[in-house]
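What follows is a walk through a structure for someone who has not seen it before. Please keep the sequence and the model in view while reading.

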Amino acid sequence: MFLLKTKLNRRKFLAYSGGTLAAGAMATKFSTIKAIASEHGKQSKEPGTKTVPSACAICVNKCSLFADVKDGVIHKLNPNHNFFKSRSMLCARGNVGAKVPYAPDRLKKPLIRTGKRGEGKWKEVSWDEAYDYIVENVIKLIDKYDNRSSIAFASTEGLQEEFFRHLTSVVGSTNSVRHPTLCLASNIQGYSSVYGTLPDADIANAKFVVMAGSNRAEAFITPDTIDLAKNRKEQTFVYLDPRATKSAALADKWFPIKPGTDMAVVLAMINVIISEGLYDKEFVDKYTHGFDQLREHVKKNTPEWAEKESEIPADEIRWMARKFAENAPASVWYPGRRSSFTANDVYYRRSCAILNAIVGAWDRKGGLIPKSGISLKSHEFIFPLYDRVKNRIDGGKVNFAADVLPEYIKSNKGMPKDEVAFLSEADGSWVLFRDAILKQKPYPVKGMFIYKQNPVESVPNRAKTLEMLKSMEFICTIDIQMSDTAWYSDVVLPESTYLERWDPAHSLSGVAPVVIFRQPVIEPLFDTKSMKDITVDLTEKFLQKDAFWVDAWEEDKAYMEDYVKTFKGVPMSHIIEHQLSDYPGAYKMLKEKGCFYKTDKIPYGKTLKEGARLKTKTGKIELASVRYPEAGLYALPVYQKPSQPPEGKYRFVVGRHAQFTQANTQNVPYLLEAYGHYENMLWIHPKSALKQGLNDGDYAIVKSSAGEQKVKVHVTEYTRPDTVFYLHGFGRLSKWLTNVYKVGASDAEILEDYAETISGNALLHETFVEIKKA
Amino acid sequence: MSENSRALKLAEDNQKLANKRKKAKEKWGIVLDTSKCIDCKACTVACKMENYVPVGFYNYRIWVAEDTHYAKYPVISRSFQPSQCQQCENPPCVHVCPTHASYKTADGVVMVDSKKCILCKYCMTACPYDARYESHTTEAIDKCTFCYQRREEGKDPACVETCPPKVRVFGDLNDPNSEVSRLLAYNEYTVLKPEKGTKPKLKYIK
């Protein structure tokens, strides 16, 4: 406001106008942006301009970038033109990365809670104080419950996550829980059951693409997004989604499919392709297992049947099937990423994989391509083998597993009732994990370390997550900003941002793999550390406490001393050199070009060579699974009719936006501005709005059995009348997320906490809501 | 140095650069294929970063417009049209400026000398494209400069460089071998509001 005043004085007679006032009012809203770190952080005075290669960390894609640094301040992050995977781009979020280290809301010092949990009273402490506090609490918990697994470790992916996983091993807990079961666990499971892996799609060369719900134009800006946009004129792109997203705007045809019925369409396409003899007979004979069973299985799944389920006309399904076969192998039913949709998700993803297989659109130009990587050398460590350790709480037989299933699928014989059939040991199943903690079954878990993840906002049913946190005796969160989870923690450790630290080299696997790394673009502005340093420091602290080692083996302490030595005081550049030591010149290329790769050409057909085996039981593409019947599951994908919202209720679906994918960028003013609104809004069809007595711009209460939220109403033709939506990551609980604290509505608050029991994935499209005028 | 002083310095440096480039032979232009645009806003955010444009809906140099052709469920048809200052060959903003703050560089970029600007906003009224804004950092009217600071290094403007599907192509319209010239030679194209006679150097492929 200061600037505006000056101007009004100097040029009052000319500048005073509606526009100026409006702009002034806008500036007030984001006044915090002015408090940049030049006033607070220890900014480098290094004069001149430099360009530093590194990599983005705002989403999972990790695009390589070149940072322009002027006089010690990040001026701009630019795309790296050597990095073919990003197609030379940096998205909106990648661009605002330049402001991340200077964000007024970021964490600057270790904090220990002084008030009640969630009250927001903290004292700034030294790292030593924070470490002592943590070590004391960890030892106390292990002793009290005689169990190292009484401390849980939650994290999400990132190049420093491996050090958090090391910390898990140092403490000795089996209870690690990661993001995949809020995201793509069912996708990995479904595709792997057919191909032994979750493949990528060769969108650059595909001629016919069907995408169902993976809103690629908004959810993530990936190579696939770009290739779809670039190929717009040459490629046929069919998009299925209850909402007319920006992907729908890009599509040749958009079908507002009835949610939860996608599998009916896929089975009907398979039916058409087989019954009309359009499948690739040679490919099917040579590379697949179980075709005859499949042929019998889909006989009943006619396009007319699928029309009744999905509301997509039978003729259109026939057209899709014929085009799919005609364009093969350059045809793709897009595998997508987040697949936490409805209860039958694993079988649905299986059906998608099968559709691609029968037309031979596998490992050939324009089809599905198995990912490959560049293997890097790693340091091998031996972590302690403690006595006081129990199996993970959500692993093995869990007698309340059926409770997480939606009612309508509980009688389905292909759905396990007393366990998660294919639970990942490292990832767990978030929904079931939290239930086990709350029930204290089979034993109490009373401590938590959380790295980079924000379960309060990312796990469905926020009230339940808060209840879980409340039941904890100790919570330590490591993050760069005060996430909602950090807000409810006892100790908060500030991590250096991705632009202030070294990160190890990492191979981005994909159709053509490439290695990236991170190096500091600027020195840390505040008293922050990397996760690597935190783990090494804490390990050192544990080594000083004999009480910590009572259930360890003699030599374990020595192993851990070796661990500390490997990293303590060793520059990350040496570690990266070691990682790349199999490839002469790779380190130099990485430092100069910002990335390392052997070729940017896609190696087609590796799995189709004579003698090649897939990682399935038969080594072939399993149209009928061999493993599934052994685990009591259906060998072939059986359609399950989803339940539909009763009269007066609506299905709530989750979705993403080009500015906000996870919950970590909603507080960035530049992105809120690009989004175009200060709060999220409820998409509701005009007919439904009329029924509920709602007008555009009203506020409504959206209510489920999990909770309720107040949200602004956006009446729009862009959604099905039975489906409503609002954007993820608003209505936050942390007061240090200034721009979104209690602004808009949280989806985690109203999402009911269902999961499926094959992969353990959460189900984010199974919630029905009531809507009333606020 | 604060964000404001950086913005001021950028404006001054660009004036100097324009002076230095008085004999430049190029004529810069952008050719756009909007069919590829997905409204991801990478360009608008990159522009703000590169040019120190403060946050706020009224502070913008470039934008993405949405064109809804039809929207009655279940038939929705819409497209996106990114744009910015058209760098007109016949720029009305320059003609109306009483202090000669607005001018055209030798290489055809319309610029504002912030020291001469008195914020009378005649140019804002005259511009048919609404491409100018009042900058609180330079205390002058400001606008897209095709990232003039990048001309010396030969780098594309930030919006062009960062775009995921590369909707925009930047180059020298005077050079028959440039990609922009080739695109114009082999595609039908149009300009925005041709009836205004402004002769824009932003060309839209049909």
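A:Pro442 sits in the loop that runs from H15 to strand S15 (447–451) of chain A; helices (H or I, at least four residues) and strands (E, at least two) are DSSP runs, numbered from the N terminus. The bond that links A:Lys441 to A:Pro442 is a cis peptide bond, with omega about 5°. This is a predicted model, in which local features need pLDDT of at least 70 and side-chain atom pairs count only at pLDDT 80 or more, while totals for chains, interfaces and linings use all residues. Residues are numbered from 1 along each chain as its sequence is written, chains are lettered from A and ligands numbered from 1 in the order in which they are written, and side-chain values use heavy atoms, with hydrogens and water left out.

A:Pro329 belongs to the loop between helix H13 (314–327) and strand S13 (331–333) of chain A.

Chain A is divided into domain 1 (2–34), domain 2 (49–102), domain 3 (111–183 + 384–515 + 525–593), domain 4 (196–372) and domain 5 (649–773). These bounds come from an automatic or database domain assignment.

Consider next how domain 3 and domain 5 of chain A meet. Their C-alpha centres lie 29 Å apart. On the side of domain 3 of chain A, 38 residues are in contact (heavy atoms within 4.5 Å) with 33 residues of domain 5 of chain A. The size of an interface is often given as the accessible area lost when the parts come together. Between domain 3 and domain 5 of chain A the buried area is about 2900 Å², and carbon and sulfur atoms give 55% of that; buried area here is the accessible area (1.4 Å probe) that two parts lose on being put together, summed over both. Within domain 3 of chain A, the residues that lose the most area to domain 5 of chain A are A:Glu457, A:Arg462 and A:Trp487, which together make up 23% of what that side buries.

A:Arg462 also takes part in a salt bridge: its side chain meets that of A:Glu749 at 2.8 Å, N to O. A salt bridge is a side-chain nitrogen of Lys or Arg within 4 Å of a carboxyl oxygen of Asp or Glu, and the count between domain 3 and domain 5 of chain A is 4. The count of residue pairs in polar contact between these two domains of chain A is 24, both residues being at pLDDT 80 or more. A polar contact is a pair of N or O atoms within 3.5 Å; within protein, one must be able to donate a hydrogen and the other to accept it, and residues adjacent in sequence count only if both atoms are side-chain atoms. On the domain 3 side, the elements of chain A that give two or more residues are helix H15 (430–439), helix H16 (455–458), helix H17 (462–470) and helix H18 (484–487).

Chain A also meets chain B. How many residues does the contact take from each chain? It takes 64 residues from chain A and 52 residues from chain B. The area buried between the two chains is about 5000 Å², with 58% given by carbon and sulfur atoms. Across this interface of chain B and chain A there are 6 salt bridges. In the salt bridge between A:Glu673 and B:Lys48, the closest N and O atoms are 2.4 Å apart. There are 19 residue pairs in polar contact between chain B and chain A, both residues at pLDDT 80 or more.
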